[in-house]
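Open the structure in your viewer and keep the selection tool at hand. The stops below say what to select and what is there.

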Amino acid sequence: MKLHDIIADNQVISLGRLMADPELITDIQTRLAALGLLRSPDDIDGDWGPITEKASNRFCDAVFLNNMRTGQF
């Protein structure tokens, strides 16, 4: 699944589904890195680990989204 498709179709997916899709995680990590929320290009690995979760939390907090609390994206 591609992030672009989710956005274009205005889809909502669960955090569990997101975490099971390495291609989607890589896409999200790439965007988080472009925003300066990931430390290094090595953090773009397709794995939803603590570094990606922390960056996602920081993004959601910065734009006033509660996605990390609801588990819906």
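A salt bridge is a side-chain nitrogen of Lys or Arg within 4 Å of a carboxyl oxygen of Asp or Glu. By this rule the count here comes to 2 salt bridges. Keep in mind that this is a predicted model.

**Stop 1: the salt bridges**

Side chains of opposite charge can pair when their charged atoms come close. Select Lys2 and Glu23, which form a salt bridge with their closest N and O atoms 3.2 Å apart. Lys2 sits in the segment before helix 1 and Glu23 in helix 3, so this pair ties together parts that are 21 residues apart in sequence. How exposed are the two partners? Lys2 is partly exposed, with a relative accessible area of 41%, and Glu23 is partly exposed too, at 40%.

Now select Asp27 and Arg31, whose side chains meet in a salt bridge at 3.4 Å, N to O. Because Asp27 and Arg31 are 4 residues apart in helix 3, about one helical turn separates them. Is Asp27 buried or exposed? Buried means under 20% relative accessible area, and Asp27 has 18%, so it counts as buried. Arg31, at 41%, counts as partly exposed.

**Stop 2: the largest pocket**

Colour the lining by class and you will find 14 nonpolar, 4 polar and 1 charged residues.

**Stop 3: the surface**

Turn to the outside and select Leu35, Phe59, Val63 and Leu65, which form a nonpolar patch on the surface. Together they have about 320 Å² of accessible area. Leu35 is exposed, with a relative accessible area of 56%.

Last, select Phe64, in the loop between helix 4 and helix 5 (67-70). Why does Phe64 count as exposed? Exposed means over 50% relative accessible area, and Phe64 reaches 76%, so it counts as exposed. To finish, draw a distance from the C-alpha atom of Phe64 to that of Ile28: the two are 36 residues apart along the chain and separated by 18 Å.

Note on methods. Residues are numbered from 1 along each chain as its sequence is written. This is a predicted model: local features need pLDDT of at least 70, side-chain atom pairs count only at pLDDT 80 or more; totals for chains, interfaces and linings use all residues. Side-chain values use heavy atoms; hydrogens and water are left out. Ala, Val, Leu, Ile, Met, Phe, Trp, Tyr, Cys and Pro count as nonpolar, Asp, Glu, Lys and Arg as charged, and the others, Gly among them, as polar. Patches are made of residues with over 30% relative accessible area and no salt bridge: like charges are joined within 9 Å, nonpolar side chains (Val, Leu, Ile, Met, Phe, Trp, Tyr) within 5 Å. Accessible areas come from the Shrake-Rupley method with a 1.4 Å probe; for residues, only the protein chains shown count as cover. Buried means under 20% relative accessible area, exposed over 50%, partly exposed in between (1.4 Å probe, protein chains only). Helices (H or I, at least four residues) and strands (E, at least two) are DSSP runs, numbered from the N terminus.
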